Amino acid sequence: MRIRTRLAVAGTAAATGVLAAVAAAPAQAAEYSSALKVKGIQYDAPGRDDNRCSGGNTKAEYLTIKNYSSSKTVNLKGYVVKDAAGNRYKFPANHYLQPGDYVKLRGGKGTDSDANNVAYRQNCNFMWNNDKDTIYLYKSSGDRADVHSYTKRANDPDGNGYINYHG
């Protein structure tokens with residue numbers, strides 16, 4: 001991912017310091033100013049994949065979305081989560097995240113709950129690939145809020161199927 005910067009004065013110590021600071025910053029922080037970001041993903045549900053609605057393990061696959069704002073409550077209604085293949089989920093109802101709060105978007109069927117920080121895709125098919133995929137989070141306006149690509153080999157060294165982003 002590229003970080004695009006424009007420096008009015010090149011070659012000065014100040015410009016070099018600015019360039020070093022920008023290069024050290026994570027690409028997502030430089031590109032997306034959304035309060036909501038992907039905190040982590042359990043892309044490979046523990047156990048053997050079984051997408052049956054009754055007795056399967058799609059609920060064990062989840063994406064955690066967190067509100068990193070220190071003061072702004074965000075309504076998830078209209079936000080969209082997509083993968084590289086175009087599978088998507090759009091939050092259909094009001095789901096408010098207070099500053100520092102999070103929601104786990106789980107596969108399978110269930111009852112969404114603000115109190116339990118959970119929303120269900122109401123779909124028993126797995127959304128995330130076990131070897132590699134890309135996670136897209138879009139605001140209700142259609143603007144991109146966050147994006148992460150992963151490969152099991154590069155991003156999951158302990159092999160537990162979970163990757164943490166944004167701390």
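This is a short exchange about how terms are applied to a predicted model.

Biologist: What are the ground rules for this model?

Modeller: The model is predicted: local features need pLDDT of at least 70, side-chain atom pairs count only at pLDDT 80 or more, and totals for chains, interfaces and linings use all residues. Residues are numbered from 1 along each chain as its sequence is written, and side-chain values use heavy atoms, with hydrogens and water left out.

Biologist: Why is Glu61 with Arg121 called a salt bridge?

Modeller: The term asks for a side-chain nitrogen of Lys or Arg within 4 Å of a carboxyl oxygen of Asp or Glu. For Glu61 and Arg121 the N to O distance is 4.0 Å. So the pair counts as a salt bridge. The pair links distant parts of the chain: Glu61 is in the loop between S1 and S2, Arg121 in the loop between S8 and S9, 60 residues apart. Helices (H or I, at least four residues) and strands (E, at least two) are DSSP runs, numbered from the N terminus.

Biologist: How do you know whether Glu61 is buried or exposed?

Modeller: Buried means under 20% relative accessible area, exposed over 50%, and partly exposed in between (1.4 Å probe, protein chains only). Glu61 has 2%, so Glu61 is buried. Arg121 has 12%, so Arg121 is buried too.

Biologist: How many salt bridges are there by this rule?

Modeller: Three. One of them joins Asp44 and Lys152, at 3.7 Å, N to O. Asp44 lies in the loop between S1 and S2 and Lys152 in helix H3 (residues 152–155), so this pair ties together parts 108 residues apart in sequence. Asp44 is buried at 15%. Lys152, at 33%, is partly exposed. Asp50 also forms a salt bridge with Arg52, the closest N and O atoms being 2.6 Å apart. Asp50 has 22%, so Asp50 is partly exposed. Arg52, at 48%, is partly exposed as well.

Biologist: What makes the space lined by Glu61 and Arg121 a cavity?

Modeller: On a 1 Å grid over the protein atoms alone, a cavity is a set of points where a 1.4 Å probe fits but cannot get out; lining residues have an atom within 4 Å of a point. The structure holds one cavity of 30 Å³ or more. The largest cavity has about 30 Å³ of space. A volume is the space filled by probe spheres set on the points, which are joined across faces, edges and corners. Its lining includes Glu61, Tyr62, Leu105, Arg121 and Trp128. Strand S2 (62–67) and strand S7 (102–106) each give two or more residues to that lining.

Biologist: What makes Ser33 exposed?

Modeller: Its relative accessibility is 70%, so Ser33 counts as exposed. Ser33 sits in the loop between helix H2 (27–31) and strand S1 (36–42).

Biologist: What makes the phi of Asn117 stand out?

Modeller: Most residues other than glycine have a negative phi. Asn117 is not a glycine, yet its phi is positive, about 55°. Asn117 lies in the loop between S7 and strand S8 (118–120). Gln122 also has a positive phi, near 60°. Its place is the loop between S8 and strand S9 (132–138).

Key. On a 1 Å grid over the protein atoms alone, a cavity is a set of points where a 1.4 Å probe fits but cannot get out, and a pocket is an open set with protein on both sides within 12 Å along at least five of seven lines; lining residues have an atom within 4 Å of a point.
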